[in-house]
Amino acid sequence: MAFWYCCRLGELTICDCNFFDSLKHVSCSVLPFSLNIVSNDSQARYTSFHIPWYKTTREQGTDISVTAQPHRTDPLMALLQHEIINNNIPTYAPLFSYKTPSEWEPLTKTSFISHCNDIWVQNSFPSMPRHAFRIGGTTELLLQGVNTDIIAVQGQWTSWAFLDYWCRVESILPLFISSSINIDHLQNVDASMTAFIRHHSVPQT
């Protein structure tokens, strides 16, 4: 979810097992998830949930929309499986808590990124910082040809902040794109960026 929806890890996890604030962190009270289907040329399945605090809207929070992806990393399927496997966890617990032999534990940012890096390093990939999911998800959506305005809304960026991520694309691409990527994809990214800048009348320096 952090990857496909360009989330900050702090929006989905907590900093410490002993620190949970219901006014800032999403809890299991948002369960059960309601599965929705949009019917057009194809059927898109999705769900959504509200997080109570967000960096820009603060206590107004924001809604996170989770759409099915035709890939093994499908975030909607993972979310629904999480709901099934980790059932009967108290409603006051953080949403991404999981069952343990004794009771349950909340997923922390440190634990999450540590497990991810263990897997990546064991498979000869470099370790990544926490913000790699937000940057990597943005890059992947750009390469897939998703409309830039849609990506900006998905990651809930202001236009200028979104462009800050694009400016780093040269250093991000080697980490997230295989050597077999077609040059046409990169040219499409450049054209998409240019169109976004023109549409929003962003001054160039």
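## Close-up views of a predicted model

At 11% relative accessibility, Glu11 counts as buried (buried means under 20% relative accessible area, exposed over 50%, and partly exposed in between, with a 1.4 Å probe and protein chains only). Welcome to a predicted model, in which local features need pLDDT of at least 70 and side-chain atom pairs count only at pLDDT 80 or more, while totals for chains, interfaces and linings use all residues. Residues are numbered from 1 along each chain as its sequence is written, and side-chain values use heavy atoms, with hydrogens and water left out.

**View 1. Glu11 and Arg8 meet in a salt bridge.** Their side chains come to 2.8 Å, N to O. A salt bridge here is a side-chain nitrogen of Lys or Arg within 4 Å of a carboxyl oxygen of Asp or Glu. The count by this rule is 1 salt bridge. Arg8 is partly exposed, at a relative accessible area of 24%.

**View 2. Helix α1 spans residues 75–85.** Helices (H or I, at least four residues) and strands (E, at least two) are DSSP runs, numbered from the N terminus. Pro75, Leu76, Leu79, Leu80, His82 and Glu83 are the buried residues to look for in α1. They cover an arc of only 155° around the axis, so they sit on the same side of α1; the arc is that of the directions from the helix axis to the C-beta atoms. Ile84 and Ile85, on the other side of α1, are exposed. At the N-terminal end, Asp74 caps α1, with a side-chain oxygen 3.0 Å from the backbone nitrogen of Leu76.

**View 3. The largest nonpolar core has 30 residues.** Such a core is a set of buried Ala, Val, Leu, Ile, Met, Phe, Trp, Tyr and Cys residues joined through side-chain atoms within 4.5 Å. Among those with the most contacts inside this core are Met1, Phe49 and Leu79. α3 gives the most to this core, with 4 residues. Leaving aside residues up to four places away in sequence, Leu79 touches Met1, Phe33, Thr47, Phe49, Val66 and Phe96 (contact means heavy atoms within 4.5 Å).

**View 4. Helix α3 is largely enclosed by the rest of the structure, because 11 of its 12 residues are buried.** Among the buried residues are Phe133, Arg134 and Leu143. At 1.5 Å a residue, the 12 residues of α3 (residues 132–143) should span 16 Å, and the end C-alpha atoms are 16 Å apart, which agrees. The expected span is 1.5 Å times one less than the number of residues. After α3 comes Gly145, with a positive phi near 85°.

Key. A polar contact is a pair of N or O atoms within 3.5 Å; within protein, one must be able to donate a hydrogen and the other to accept it, and residues adjacent in sequence count only if both atoms are side-chain atoms.
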